[in-house]
Amino acid sequence: HFFAEFIRDIVVFVQKKIMASSSSGSGMTDIPEAMVCPISQEPMTDPVMDREGHNFDRPSIAAWLQRHSTCPMGREPLTMDQLYPNRALKQQIEEWKASH
């Protein structure tokens with residue numbers, strides 16, 4: 001069951017990556033990769049960071065952790081209590097949006 005969910009999540013991730021790379025003219029395609037959530041492949045609005053330094057958009061990692069008990073990047077155990085707001089990244093995102 002875990003393996004099937006894992007494969008499904010990988011397929012969804014790849015599909016989103018393909019859709020993001022094929023879209024053009026959205027104005028958001030040139031956003032720095034560090035500002036894009038690795039789960040949703042969308043620009044982050046509420047970035048949080050885990051103890052390993054991985055950043056995620058809070059709604060995306062919350063949804064992930066409802067189905068999994070591990071980090072989607074490193075596969076180490078992870079809970080919402082182990083995530084911290086990344087205020088510096090949030091400020092960078094807001095500054096980037098204001099200038100684009």
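This is a predicted model: local features need pLDDT of at least 70, side-chain atom pairs count only at pLDDT 80 or more; totals for chains, interfaces and linings use all residues.

Trainee: Where is Pro77 placed, and is Pro77 buried or exposed?

Mentor: Pro77 lies in the loop between H2 and S3. The label for accessibility follows from a cut-off: a residue is exposed when its relative accessible area is over 50%. Pro77 has a value of 54%, and is therefore exposed.

Trainee: Which secondary structure elements does the protein contain, and in what pattern do they follow one another?

Mentor: The protein has 3 helices and 3 strands. Along the sequence they give the pattern α-β-β-α-β-α.

Trainee: How are the strands arranged in the sheet?

Mentor: One reads the order of the strands and then the sense of their pairing. Here the 3 strands form an open sheet in the order S2-S1-S3, and the pairing is antiparallel. Strand S2 (55-57) and strand S3 (84-85) are the edge strands, each of them pairing on one side only. Strand S1 (residues 47-49) is joined to S2 in the antiparallel sense over 3 bridges. Within this pair, Val48 stands opposite Phe56 of S2.

Trainee: Which strands does H2 touch?

Mentor: H2 packs on the sheet and touches S1, S2 and S3. The direction of H2 makes about 95° with that of S2.

Trainee: Which residues of H2 are buried, and why are they said to lie on the same side?

Mentor: The buried residues in H2 are Ser60, Ile61, Trp64 and Leu65. They lie on the same side of H2 because they cover an arc of only 130° around the axis. The face turned away from this buried side carries the exposed residues Pro59 and Gln66.

Trainee: Why does Ser60 count as buried?

Mentor: The cut-off for buried is a relative accessible area under 20%. Ser60 counts as buried because its relative accessibility is 14%. Not counting residues up to four places away in sequence, Ser60 touches Cys37, Ile39 and Ser40.

Trainee: Cys37 has now been mentioned. How many disulfides does a search of the whole structure find, and why do Cys37 and Cys71 count as buried?

Mentor: The search finds 0 disulfides. Cys37 counts as buried because its relative accessibility is 0%, and Cys71 counts as buried because its relative accessibility is 0%.

Trainee: What share of the residues counts as buried, and what share of the contacts joins residues 24 or more positions apart?

Mentor: Of the 100 residues of the protein, 32% count as buried. Among contacts with a separation of 6 or more, 48% are between residues 24 or more positions apart.

Definitions and conventions
Residues are numbered from 1 along each chain as its sequence is written. Side-chain values use heavy atoms; hydrogens and water are left out. Two strands pair if DSSP finds at least two bridges between them. Helices (H or I, at least four residues) and strands (E, at least two) are DSSP runs, numbered from the N terminus. Contact means heavy atoms within 4.5 Å. Axes are lines fitted to C-alpha atoms, for helices over the stretch in contact, and angles run from 0 to 180 degrees between N-to-C directions. A disulfide is a pair of cysteine sulfur atoms within 2.5 Å. Buried means under 20% relative accessible area, exposed over 50%, partly exposed in between (1.4 Å probe, protein chains only). The arc is that of the directions from the helix axis to the C-beta atoms.
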